[in-house]
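Colleague: I have a model open and would like to learn how to read it. Could you take me through it?

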Amino acid sequence: MSLSHEREDNLIKTLKENFPTDIKDATVMRRSRINVTVAPEKILDIALFLRDKLGFDHPTGVSAVDYNRESRFEIVYHLASIANPAQRDILINLKESVPRNTPKATSLVRIWTGVENFERESIEMFGLQFEGHPRPEKLFLNDNWDGPPPMRKEVRFPTD
Amino acid sequence: MTTTDKPAQESTLGSPSPDEPGAQTLTLSVGPQHSGSGHMRLIVELDGDIIINAEPDPGYVHRGIEKIIELRNIIRSIPVIERPSIIDASNLNHAWVKAIEELQGVEPPARGQYLRCLLNEMNRIMSHLYWLSIYGVFLGHTTMFMWPLGDRELFIDLAESLTGARITYSYLVPGGVRRDLPQGFAEEAIKRTEYFEKRLDEYENIFFKNPLFTSRAKGVGVLSRQRAIELGATGPTLRGSGVEADLRKDEPYAAYGELDFKVHTRPDGDSYSRVMVHVDEMRESSQLIRQILEKMPSGPVRRKAPIVVPRGEAYSRVESARGECSFYMIGEGGDKPYRARYITGSYRNMAAISAVLQGVRLADMPTSWWSIDYWPVEADR
Amino acid sequence: MAPIVGKVRGAANSLLAYTTGLRHLFHKPYTLKFPQQRYAVEKGFRGRHLLHLDRCTGCGICAWICPEKCITIVQRGDRWFPEYFYGRCCFCHFCTDYCPEFALEETVEYDIAEYTRDRLVWSPERLAQPPMKKDDKYVFSVEGRRGASQVSELEH
């Protein structure tokens, strides 16, 4: 197994060439793991480019992370590629940050249908809002759950 | 109560004007009391007995595991990580320790890696057998329920002598595994896997060639290749739709890079394809167990690893029995992760349920959606 | 012609299924009649704990690592020992692994159900008792033509 990150570097280079201002940060985390931080306004264009031009057509999940000390949420789209067999192992973490007091983001369901359930979970667990989401309803929680979004950092449980 | 006063309005089919769109459909709630639904509810919209829309309604077994593992140290989390799918405990556990090891930079010894693969493959067979037996229940085939559950005992027994527990092993820890092979394990395992392959031939005769099964599975619940990819389906569901994607091959982890095995796919994307992918995988795993035992290097099984999650990010991907299981872990130097995102195969395949059930007859609903191998507990976490 | 071929093949496959099933009428069953017949677990099985009172220092590492928090440290004279609540224990035996003095050990005793909850709390003295010996044990065996079946451990 080679230790060079040639494929990863090429992907980052292509992304940076096409979106010179909108990509805030792009690094190779480790072999076949790429972190790309983008501006929230431009995420739709970059997602479309990733899907159609670079072949990342397979969504493997969406995570939300609560950085309460920095007063922001980070939404991370995990993307893999089926279309291009040479980069089956590469996983892109497409990140965007939204402020904690107005957690509004653009839904990417129209790019990848599969992220619908993951975004729904982020809505209920972190209190995020996804614009353009077809069904912004509760997924796992009770429909009549009226407590705070449980995955936020300020919610503590007495047992541990 | 007399029915003579209001005759027409009491009809269960709802609206009296049948020209209105949707007037003749019936919404049916299946579950959550495990009436062929698992611990979840399927809201099924029917036109006659054809399903025109099916929405899964999960959450009845949601336990907030992502929150729990934020509050405990990484060793204490291991039994919790296994609980979503105790029949596939080792693979889920592998994703967890792999994420931690990526952050710590600890590489387990070669023998430890082989032992991990050994238990993973045993787990894959056990999980598929359990799945197959429930498929028999949904099919109304009692023998298909009894036989796989009985043969699962072969591997439960092996796992018990290897790890000390029958299903929830807690065997993989950061840095390696907890125990070495016991005396006489290899001979016993070879005997059992060979017997199991003979049994699979018998399964072929009694179940998979049986018109009772083929007539209800072939051409039913079709998930096209394109749809499977865009919905993010994974594991046997994706391979049943003709996509040759298996993380053991695509991104070889543990000892899988040194092992020789095939990825089985079927092109049709119907229930039958998905079932046969499971069966082929069981045969492949059974051969893999013998291969692992043959190639097993000697040496230590565990390396020292601290109970610490270093600062940084990691994303581990493991091919579990139900598809890719992954952890997105963010550490900040303590003994607990800052955030550990737990994405399981069933959670991703949940999106495929509605796609598969569209246009299927109500009588074929249990077999069609169970062919996805959706485990509600694993999806809810 | 094709429908007839399909029907013949279907009938043949049905017949094959029947014969395969019927052949198994003459096999021994897998199942055990539990209270009379007991399943013999292998050495190394993670059953209930055995506490060596002489080795235990009462450091409390077992209680710290326990995922289910089922261990409390209790005082006996001037020494401290773990007390287990088996209603919560998940038998992961991390306590055994992490004990620095090797005072804990796994035993093959798995049948520890009780009628009341308070009987599930095992005091250090009860944990120190050696596991019970049980007769009539059976193991799962795979051999040749007989296939997989349960045989008595003595015969095995």
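Modeller: We will go through the chains, their contacts and their sheets in turn.

Modeller: This is a predicted model, in which local features need pLDDT of at least 70, side-chain atom pairs count only at pLDDT 80 or more, and totals for chains, interfaces and linings use all residues. Residues are numbered from 1 along each chain as its sequence is written, while chains are lettered from A and ligands numbered from 1 in the order in which they are written.

Colleague: What are the ipTM and pTM of the model, and what is the mean pLDDT of chain C?

Modeller: pLDDT is the predictor's confidence in each residue, from 0 to 100. Where it is low, the predicted coordinates should not be read in detail. Chain C has a mean pLDDT of 81, and 81% of its residues reach 70 or more. The model scores ipTM 0.87 and pTM 0.87.

Colleague: Which chains share the most contacts?

Modeller: Two residues are in contact if their C-beta atoms, placed from the backbone, lie within 7 Å. Of the 2 pairs of chains in contact, A and B share the most contacts. Chain A and chain C do not touch, and their nearest C-alpha atoms are 10 Å apart.

Colleague: How many residues does each chain give to the contact between chain B and chain A?

Modeller: Chain B gives 31 residues and chain A gives 30. To say where they come from we need elements: helices (H or I, at least four residues) and strands (E, at least two) are DSSP runs, numbered from the N terminus. On the side of chain B that touches chain A, the elements giving two or more residues include helix 1 (65–70), helix 8 (225–230) and helix 12 (345–357) of chain B. Strand 7 of chain B provides the largest share of that side, 4 residues.

Colleague: Which classes of residue make up that side of chain B?

Modeller: Ala, Val, Leu, Ile, Met, Phe, Trp, Tyr, Cys and Pro count as nonpolar, Asp, Glu, Lys and Arg as charged, and the others, Gly among them, as polar. The side of chain B that touches chain A has 12 nonpolar, 5 polar and 14 charged residues.

Colleague: Which helix of chain B gives the most to the side that touches chain C?

Modeller: In that contact, 26 residues of chain B meet 26 residues of chain C. Helix 5 of chain B gives the most to the chain B side, with 7 residues. By class, this side divides into 9 nonpolar, 8 polar and 9 charged residues.

Colleague: How many residues does helix 5 of chain B have, and how far does it reach?

Modeller: The expected span of a helix is 1.5 Å times one less than its number of residues. Helix 5 of chain B has 22 residues and reaches 32 Å from its first C-alpha to its last, close to the 32 Å expected. Just after this helix, B:G164 takes a positive phi of about 100°.

Colleague: What does the radius of gyration say about chain B?

Modeller: The radius is taken over C-alpha atoms, and the globule rule is 2.2 Å times the number of residues to the power 0.38. Chain B contains 14 helices and 8 strands. Its radius of gyration is 23 Å, close to the 21 Å that the rule gives for 381 residues, so chain B is as compact as a globular protein of that length.

Colleague: In what order do the strands of the open sheet in chain B lie?

Modeller: Two strands pair if DSSP finds at least two bridges between them. In chain B, 3 strands form an open sheet in the order 6-7-8, with antiparallel pairing. Strand 6 and strand 8 of chain B are the edge strands, each pairing on one side only. Strand 6 and strand 7 of chain B are joined by 9 bridges, and B:Y315 stands opposite B:Y328 in strand 7.

Colleague: Which strands does helix 12 of chain B touch?

Modeller: For angles, axes are lines fitted to C-alpha atoms, for helices over the stretch in contact, and angles run from 0 to 180 degrees between N-to-C directions. Helix 12 of chain B packs on the sheet, touching strand 6, strand 7 and strand 8 of chain B, and its direction makes about 125° with that of strand 7.

Colleague: Why is one side of strand 1 and of strand 3 of chain A left without a neighbour?

Modeller: Chain A has an open sheet of 5 strands in the order 1-2-5-4-3, with mixed pairing. Strand 1 (23–30) and strand 3 (58–67) of chain A stand at its edges, each with a single partner strand, so one side of each has no neighbour in the sheet.

Colleague: How many residues lie between strand 3 and strand 4 of chain C in their hairpin?

Modeller: There are 2 residues between them, and C:G77 in the turn has a positive phi of about 65°. The two strands, 71–76 and 79–85 of chain C, pair in the antiparallel sense over 6 bridges.
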